[in-house]
Structure formats: structure tokens, C-alpha cells
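Here are a few notes to read with the model open beside you. Take them one at a time and find each spot as you go.

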Amino acid sequence: MTNTASQPLFETVAFIGMGLIGSSMARRIKRDGLANKITCAVRSEKTRDRVLEIGIADEAYCDIKEAVGDADLVMICAPVGANEAIGAQLSGALKKGAIVSDVGSVKQSVIRDIAPHLDEGVHFVPGHPLAGTEHSGPDSGFPELFEERWCILTPIAGEPETATAKVKALWEACGMFVECMDADHHDRILGITSHLPHLIAYTIVGTATDLEDALRQEVIKFSATGFRDFTRIAASDPTMWRDVFLNNREAVLEVLGRFQEDLMALQRAIRWGEGDKLFDLFTRTREIRRGIVDAGQYFTNFSAEGENRQSDEKGKKKPAE
Ligand SMILES: NC(=O)c1ccc[n+]([C@@H]2O[C@H](COP(=O)([O-])OP(=O)(O)OC[C@H]3O[C@@H](n4cnc5c(N)ncnc54)[C@H](O)[C@@H]3O)[C@@H](O)[C@H]2O)c1
Ligand SMILES: O=C(O)C(=O)C[C@]1(C(=O)O)C=C[C@@H](O)C=C1
């Protein structure tokens, strides 16, 4: 979807981190003219050169303060463990009225680590696009990444609604459906829908490869679509996920405990041959999985209020009659 706005949504957008998410957003902004200028702060000279070579930023700096000084919007797109250090660099570096947002997979810790550093008159709108892949780096990004996916914003009390509205408009122009919620609620939801699945995927790959060398070869050699589908996300970036688990510890440990209890119940049912219990559970969970639809289909079928919402309001094609 191209930007139907008569003019760019922002004059200058500064990215801190230009990996999968930052470069995908920058590509979309460039493709659809959503901002007049893009700057970025990237530590690696090689990555800075690459970002300029592929044309997804107009200026690339090593120093964060240089990259953000003239920005109307700063998008923090680094692992959430870097936010304290990044926040310290933003202190005293931004012009009055600038908006800071982020894409971090955890929200409470991002608010904890960034908000204290922001000067009076600088606005903070934490965000999280629920879209991604197992790949990393600026060459892994693509402008369609966000199409018909959810973006969650966790507005902070006291911040002007106009700041939230501007960040919301940008994500909608990137093709996303935007929902606002409290940061702790976000962290609990993502704990089950994203963080636990990654923990399990990493674990099962570890379990498989800890088997005897010979068997291990057979495991990798004979891994069929089930194992491959299930473990795709285990190829995700270790730094990113280390930081996610350490910064959403409480929610992850809570949901992990419940998962372990459910797994123990299944283990017991298998040990005692309780076929009906297994069958009933699998029937129920299959229906739940079959009910999971993309955000776009969600809006085609019904809105949050239960009314029928034509998805063309977001410039999306109407469903076939
Ligand atoms: N990968 C996904 O599927 C996905 C989806 C949604 C949100 N996110 C979130 O987006 C953020 C970025 O993830 P990504 O997938 O783009 O990662 P990535 O590894 O592709 O890119 C990370 C970028 O941050 C930079 N960086 C790393 N450490 C830094 C530091 N200390 N200071 C400044 N820059 C630093 C890297 O150079 C790189 O440019 C993370 O917070 C992640 O939780 C990721
Ligand atoms: O599709 C993938 O590879 C992802 O893992 C994307 C995914 C997820 O679905 O868990 C990963 C982390 C994010 O914060 C949001 C989305």
C-alpha cells in the first residue's frame, strides 16, 4: 500500500540499528515517501557502508548523537539489552518535540531503560511490530514485512495523544493494524505467543543434537517438515533472544511453569495409556490452531467491536464477494 497522505508523515526519521526490522521499516519509508530524510546510527562501518549502498538511509553515523540531532522521529531498532546505553546517548541530543519510539519485543524493560533519559519536551511512544523472520542484518529486510500484521503500542501516561497518533499513522502506512495496550499486558501476551515458542524451539534443537553422534546425524538428515517447520525460529539471533528472555523474565518464567505442568500431564497420560485424554486435548488444540488467522483476515471478518469492518479503509483490497 502506498502512502496516500499528501505529504510525508515525518521530515527526518533516525534509526538506531539497521537490521531486519530497522532496514525493513526504512525500505518501506523510502519506497512510499513516508519521510523526507532517513539517518541512522550503526556501529559497524561495514554495515554503514552497506546501508548507504542499498540506499535505505541518506546519512549513516557511528555516533548516535550525530544521527538523531535533527530527527523528528527516532526509531530504536537494536536488541533490547542495548536500550540503557542507547537511552544515555539520547539524553540532551534531541530537538524539542521529537518523538522516540522503538520496535523491541519486550515493553516494560524498554520503558524502564529509555524513559528516564529523555529530556522535557521529547515524547516517547514504545512500540512493537509483531512481524519478523529468523534472519538478521540490513540485507534481510524487505518493505512488505509488516503488511497485514499487528503492531502494538504501549503509550505512557502523560505523553500527548498526538505523539501516539503520529507513530500509529506511520505503522498503518507501513501496512500494519495498530492496537494499544499496557506494557505489562503486552509482555504477558508475547511471553506465550512469541517468547515461549522460541525457548522451546531452541531447546528441542539442543535436545536433538545432544543425542549420540551417529543418531545426531540421523536426526539432522531425516528431519522432515514437522521438525523443520517447528524449529525455523531456532535460527534466530542469539543476542536478540538472550536479551528478550532476560528482560521479560517474570512473564516467561510464569508461562514456562504452566507449560511444564501441561507437559507433565501429557507425559502421565502417555505413560498410563490414557488415549481419550490425549485425543480430546489434541482435538481441542487443533481447533484453536485452525482458528488462528492473519491480522488482515481478522479485520476483514470483524472489528474489535464485532461489527463488520471493510478492510479497504486501510487501502486493503476488499474480500471477494
Ligand atoms: N527479528 C524479529 O523477528 C523481530 C520482530 C519484531 C521485533 N524485533 C525487535 O527488533 C529489534 C531489532 O531486531 P532485529 O531482528 O532487527 O535485529 P538485527 O540483529 O537484524 O539488527 C539489530 C541491529 O541493532 C544493532 N545493534 C546491536 N547492538 C547494538 C548496540 N549495543 N547499540 C546500537 N546498535 C546495536 C545491530 O548493529 C543491528 O543493526 C530487537 O529489539 C527485537 O526484539 C525483532
Ligand atoms: O517469524 C519469525 O521468525 C518471528 O519469530 C517473528 C516474531 C515472532 O513471531 O515471535 C519474533 C519476535 C518478535 O518480537 C515478533 C515476531
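This is a predicted model: local features need pLDDT of at least 70, side-chain atom pairs count only at pLDDT 80 or more; totals for chains, interfaces and linings use all residues.

1. Start with the overall layout. The protein splits into domain 1 (10-181) and domain 2 (186-295), and their C-alpha centres are 30 Å apart. Where the two touch, domain 1 puts in 23 residues and domain 2 puts in 17 residues.

2. How much area is buried between domain 1 and domain 2? It comes to about 1,500 Å², with 60% of that from carbon and sulfur atoms. On the domain 1 side, look for Ser-105, Val-106 and Glu-134: they supply 35% of the area that domain 1 buries against domain 2, more than any other three residues.

3. Now find ligand 2. The residues around it include Ser-105, Glu-134, Arg-232 and Trp-241. Each of the two domains, domain 1 and domain 2, gives at least three residues to this shell. Helix H7 (183-209) and helix H10 (238-247) each bring at least two. By type, the shell has three nonpolar, six polar and two charged residues.

4. Which atoms sit close to the oxygens of ligand 2? In the side chain of Ser-194, an N or O atom is 2.6 Å from an oxygen atom of the ligand. For the side chain of His-198, the corresponding distance is 3.0 Å. Gly-132 uses its backbone instead, with an N or O atom 3.1 Å from a ligand oxygen. On its own, ligand 2 would expose 370 Å², and the protein buries 82% of that.

Notes
Residues are numbered from 1 along each chain as its sequence is written. Chains are lettered from A and ligands numbered from 1 in the order in which they are written. Side-chain values use heavy atoms; hydrogens and water are left out. A residue is near a molecule or strand if one of its heavy atoms lies within 4 Å of it. A polar contact is a pair of N or O atoms within 3.5 Å; within protein, one must be able to donate a hydrogen and the other to accept it, and residues adjacent in sequence count only if both atoms are side-chain atoms. Accessible areas come from the Shrake-Rupley method with a 1.4 Å probe; for residues, only the protein chains shown count as cover. Helices (H or I, at least four residues) and strands (E, at least two) are DSSP runs, numbered from the N terminus. Ala, Val, Leu, Ile, Met, Phe, Trp, Tyr, Cys and Pro count as nonpolar, Asp, Glu, Lys and Arg as charged, and the others, Gly among them, as polar. Domain bounds come from an automatic or database domain assignment. Contact means heavy atoms within 4.5 Å. Buried area is the accessible area (1.4 Å probe) that two parts lose on being put together, summed over both.
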